[in-house]
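Thanks for taking a look at this one with me. Here are my notes, written as numbered points so that you can follow along in the viewer.

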Amino acid sequence: MTFLAVKYLLARRRQTVLMLLGIFFGTAAYVAISGFMLGFREYLVEQLINNNAHIHIQAREEFLTNHSLDHSFYKKAYDYIFWSTPPSGRKDSAIVENPQLWYERLRNDPRVVAYSPQLTTSVIFSKGKATVPATLIGCDPLQQTKVTTIGEYITQGKFSDLAVGGNRVILGDELMNRLGARVSENIFLSLANSAPIPFKVVGIYKTGNKLADASAYGAIGDVQRVSKSSNKVNEIAVKLVDHSQASAIASTWAKLGLEKVQSWDQVNANIFEIFKIQDAVRFLSIGAIMVVAAFGIYNVLNMTVMQKKKDVAILHSMGYSTKDIVSLFFTQGIILGFTGVILGLSFGYVFCLYLQTIPFGGGPTAVGTGYLMVSFNPAIYVQAAGLAFLAATIASVLPAYAAGKLTPIEIIRSGAE
Amino acid sequence: MSLIAHKVHKTLGEPPTKVLTDINFEIKDGEFVALTGRSGSGKSTLLYLLSSLDTPTQGYIEIDKHNVSQMTKLEVCKFRNEQMGFVFQFHYLIAELSALENVLMPAKKAGLADKKKNYAQDLLKQFGLADKPHRLPRQLSGGEQQRVAIARALVMQPKYLFADEPTGSLDSHNSEVVMNIIREANQNLGTTVIMVTHDVGFAKQARRQIHLVDGKVVSS
Ligand SMILES: Nc1ncnc2c1ncn2[C@@H]1O[C@H](COP(=O)(O)OP(=O)(O)O)[C@@H](O)[C@H]1O
Ligand SMILES: [Mg+2]
């Protein structure tokens, strides 16, 4: 019945175009909005995966609960203990206990590409009259560049210069500006109650993230010495062969010891929560367009069925079956859906290509590519087509069903009067 | 082979009123039958029953030894498609299709659109529409439209042609033309024609008349 369905659609061009527009807009909007949203998101996630370790093994973090001291005090003397003032507070450790055990484990795990022990501490940097509190990350420079992409963000010097040892630091761009320091100058670094120690600035890095750019990197040996905690480590950063396994691996490792083990996506769980809300908004707004489009199709098709009653009767008299009649009207919806989807996807795609050329962000040294980031993930196109088809299908089912219920005899009788 | 009405009754409407009472007759292959009677006597109702478009309240219709009410929907469709042609008082052409496309619609259902194309064009030529196969119905006169409708009814070379006052909306000249076409189909193709008419002159052209009064056959 496609032939006749097409004829019907062509005969009422204005209504056909209006029905098409609904599906077209819905599809195009879905492609454009999703391309834009997911493009940025893919970039963001990529940054999260690449710039940071896949798994962080950190010093134990333990909170006291109402009953965590029961055993220590009363052994098994009582089944249940009521505290007049229940215990509270933390039972943390500042360092990873027995890091050697972890190194051993990580070295022998084929899923691990590299790991880097770190000792992070809060220090006060000073140069002349400028004093700036900041985080100093002590790491093994060679391992650190294997685990994270920090090496790529070095704007002056080389990250491996730290490895030479002898109190060297690489400053973040933001910290450098606040201190007013330059490469190859000396700055002073002091811990809570010790005398300032001179450090030499051997490099600058800039990631574009101001928070990250307000820290500094040093060799782990130097940091351990300065903080008088030799051989101590408060984090081990791990890079995996397959980042998508991170959370599963992190969960199993967490059971091996008291350390806090978190994967990159567990650390950034709040970002993924926001993604979910964005998705809901995206689906709802496109859903609204689709509902309007579906209503348009439903109304017009319903009207067509009423106007084409005589055609239905004569088709029945020629031997066309109820199935043929249903398909005559259903096909119209499908044709509209199909055409609208093709046009919508094409337009959405072209629009996305255009979006990509719009400058956005701060150029090569800041976040992003300098242009709007757009996703061309095929899943977007499949979803858009699916949604539009669903709308068109649902909208045409009822009118088609109504047409199928028309009986020729009543139409012919009323037509003869 | 024949078309038989067997103790057929038909009740219609609310409250139920008896439209046809105890109809019994047989129409043999190749006959030309006129259903006559006053307006409201039940001619159309009887024609729709005979042609499977409607079902009797009591009794049954037998076509070629098949009880119509016991045929499956698919069989009825196939039968209508291959063996029956319909012409109504109003032409009921599909407005979006050209004259030729309209004529070919039954052939399309049978998957014979290509095979029947020449025959459809022949029919249009015979009916004086040789130069108008691509016109839309609204670009044709009432008489031309009815001729297209008859061509459509005949394109499958059906065994039966059912016509409900085919000349009812036409002037006398066009009525004459249409009647000639129907008579020729009966004579040349052997089509069994069952035609409702209240035109006495046209009724006389039929070899047999079935006359209805208040839903009863008074002569056949
Ligand atoms: N749907 C209906 N409901 C009730 N009565 C009907 C209906 N259709 C037709 N009738 C009645 O049935 C009778 C026969 O109608 P019809 O077969 O159309 O007569 P004819 O074709 O001879 O003019 C008429 O009296 C008409 O009023
Ligand atoms: Mg009538």
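1. A word on naming elements: helices (H or I, at least four residues) and strands (E, at least two) are DSSP runs, numbered from the N terminus.

2. Some ground rules. This is a predicted model, in which local features need pLDDT of at least 70 and side-chain atom pairs count only at pLDDT 80 or more, while totals for chains, interfaces and linings use all residues. Residues are numbered from 1 along each chain as its sequence is written, chains are lettered from A and ligands numbered from 1 in the order in which they are written, and side-chain values use heavy atoms, with hydrogens and water left out.

3. Let's begin with the ligand. Ligand 1 lies between chains A and B.

4. From B:Gly40 a polar backbone atom takes part, at 2.7 Å from an oxygen atom of ligand 1. Taken alone, ligand 1 exposes 570 Å², and the protein buries 64% of that. These areas come from the Shrake-Rupley method with a 1.4 Å probe; for residues, only the protein chains shown count as cover.

5. Next, a sheet in chain B. Four strands form an open sheet in the order 2-1-4-5, with antiparallel pairing. Its edge strands are strand 2 (17-28) and strand 5 (66-67), each of which pairs on one side only. Strands count as paired if DSSP finds at least two bridges between them. Strand 1 (residues 2-12) and strand 2 of chain B are joined by eight antiparallel bridges, and B:Ala5 has B:Phe25 in strand 2 as its bridge partner.

6. Now turn to strand 8 (residues 192-196) of chain B, where five of the five residues are buried. Buried means under 20% relative accessible area, exposed over 50%, and partly exposed in between (1.4 Å probe, protein chains only). B:Thr192, B:Ile194 and B:Val196 point one way, B:Val193 and B:Met195 the other way, and all are buried. In general, side chains of a regular strand alternate between the two faces of the sheet.

7. What does strand 8 of chain B pair with? Strand 3 (residues 32-37) of chain B pairs with strand 8 in the parallel sense over four bridges, and there B:Leu35 stands opposite B:Val196. Strand 7 (residues 160-164) of chain B also runs parallel to strand 8, joined by five bridges; B:Leu161 has B:Val193 as its bridge partner.

8. A few backbone details deserve a check. Most residues other than glycine have a negative phi, and most peptide bonds are trans. The peptide bond from B:Glu14 to B:Pro15 is cis, with omega near 0 degrees, and B:Pro15 sits in the loop between strand 1 and strand 2 of chain B. B:Asp22, in strand 2 of chain B, has a positive phi of about 45 degrees and is partly exposed at 41% relative accessibility. B:Glu165 has a positive phi near 45 degrees, but B:Glu165 is buried, with a relative accessible area of 14%.

9. One side-chain pair to display: B:Asp64 and B:Lys159 are joined by a polar contact of 2.8 Å. A polar contact is a pair of N or O atoms within 3.5 Å; within protein, one must be able to donate a hydrogen and the other to accept it, and residues adjacent in sequence count only if both atoms are side-chain atoms. B:Asp64 lies in the loop between strand 4 (58-63) and strand 5 of chain B and is buried at 9% relative accessibility.

Notes
A residue is near a molecule or strand if one of its heavy atoms lies within 4 Å of it.
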